[in-house]
Amino acid sequence: MSSTTAPRGRAPRSPMASPRSFIWARRAFLTALAVFVLLPVYVMISSSLKPLEDVSGKFQWIPSGLTIRPYFDIWETVPLGRYFVNSLIVAGAATVLSVVIAVFAAYAVSRYTFRGKRVFTVTVLSTQMFPGILFLLPLFLIYVNIGEATGIALFGSRGGLILTYLTFSLPFSIWMLIGYFESVPRELDEAAMVDGCGPVKALFRVVVPAAVPGIVAVAVYAFMTAWGEVLFASVMTNETTRTLAVGLQGYSTQNDVYWNQIMAASLVVSIPVVAGFLLLQRYLVAGLTAGAVK
């Protein structure tokens, strides 16, 4: 019998297969990585189901008692519902505006030649080089001066916060969609125009349907940028326009810190982002890879 013959009942091993040592090392690494990622999630979930006295003391990996009371108390300790609505309005509006403006800007850059095209693209990309905190004081002064001159209240309003987040997400959204639109064949536009479509109609009937993964990736990026931002939201909002990222600070008072409610609120806050990511995951991955490789 040949020495290369596989044992009875076992499929023959391909000569191109990875060594077994590499396979087991990969499994061990992925297991350790999964434990590293899921351990904080377990701590959050278990802490959110404990009474406050159990969370305030030494952490117990196996809870002695479980309760869902913190998930009801989070809505009474702070006005979490109002913060939730503010975050949805601000993040949703910033996402819609960012996608709409980025689609038109990226289509113009990818399909037409005009004076200053290179300067525009370089300027859009160069804005990502600067840390966001550098824009805090200029935006604050601009909003205050606009309010004094015109009476339009941008500081402390949802509209001002939407414009702020738009300045963060729009440059990257334009740059990303430029690369994605350039990967869409121009013959599709030409065929649509031969059929009688104008530039705008060709954009929405041909290019946008072909660029759905890239647009979804931009939308997810813009939403996540606005949903979890803390610094500008803490400065540009007041008690009525405060968002979730800032509102979570309300569970920490001078007398006590409601750790179980903080963990419960953090899980509730994460639900929209996690659910959206799971629903749009295939579009997000396709959009990121197609926009990066032409």
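# Helix packing and burial in a predicted model

Tutor: Helix H1 passes H13 in a left-handed crossing, a term applied when the near helix is turned anticlockwise from the far one by less than a right angle, clockwise being right-handed. This is a predicted model, in which local features need pLDDT of at least 70 and side-chain atom pairs count only at pLDDT 80 or more, while totals for chains, interfaces and linings use all residues. Residues are numbered from 1 along each chain as its sequence is written, and side-chain values use heavy atoms, with hydrogens and water left out.

Student: How many helices and strands are there in the chain?

Tutor: The chain has 14 helices and zero strands. Both kinds of element are DSSP runs numbered from the N terminus: helices are H or I runs of at least four residues, and strands are E runs of at least two.

Student: Why are H1 and H13 described as oblique or otherwise to each other?

Tutor: H1, residues 20-48, packs with H13 at an angle of about 120°, and the two axes are 7 Å apart. Axes are lines fitted to C-alpha atoms, for helices over the stretch in contact, and the angle, from 0 to 180 degrees, is taken between N-to-C directions. Angles under 35 degrees count as roughly parallel, over 145 as roughly antiparallel, 65 to 115 as roughly perpendicular, and the rest as oblique. H1 and H13 are therefore oblique. Contact means heavy atoms within 4.5 Å; here Met 44, Ile 45, Ser 47 and Ser 48 of H1 meet residues of H13 including Asn 260, Met 263 and Leu 267.

Student: What makes H3 parallel or perpendicular to H13?

Tutor: H3, residues 69-77, packs with H13 at about 90°, the axes being 9 Å apart. That angle makes H3 roughly perpendicular to H13.

Student: How do you know that the span of H10 agrees with its number of residues?

Tutor: The expected span of a helix is 1.5 Å times one less than its number of residues. For the 16 residues of H10 this gives 22 Å, and the end C-alpha atoms are 22 Å apart, so the two agree. The buried residues of H10 include Pro 213, Gly 214, Ile 215 and Trp 227.

Student: What angle and axis distance describe H4 and H10?

Tutor: They pack at about 145°, with axes 8 Å apart, and their crossing is right-handed. Phe 84, Ser 87 and Val 103 are among the H4 residues that meet H10, where the partners include Ile 215, Phe 223 and Trp 227.

Student: How do you know whether Tyr 251 is buried or exposed?

Tutor: The relative accessible area of Tyr 251 is 0%, so the residue is buried, although it is found in the loop between H12 and H13. Beyond four places in sequence, its contacts include Ile 74, Leu 80, Gln 261 and Ala 265. The C-alpha atoms of Tyr 251 and Gln 261, 10 residues apart along the chain, are separated by 7.1 Å.

Student: What makes a set of residues a nonpolar core?

Tutor: The members are buried Ala, Val, Leu, Ile, Met, Phe, Trp, Tyr and Cys residues joined through side-chain atoms within 4.5 Å. The largest such core has 31 residues, and those touching the most other members include Ile 74, Leu 80, Trp 227, Leu 244 and Tyr 251. Helices H4, H7, H10 and H13 are among those that each supply at least two residues of this core. A second, separate core of 27 residues includes Ala 106, Leu 170, Ala 202 and Ile 215.

Terms used: Buried means under 20% relative accessible area, exposed over 50%, partly exposed in between (1.4 Å probe, protein chains only).
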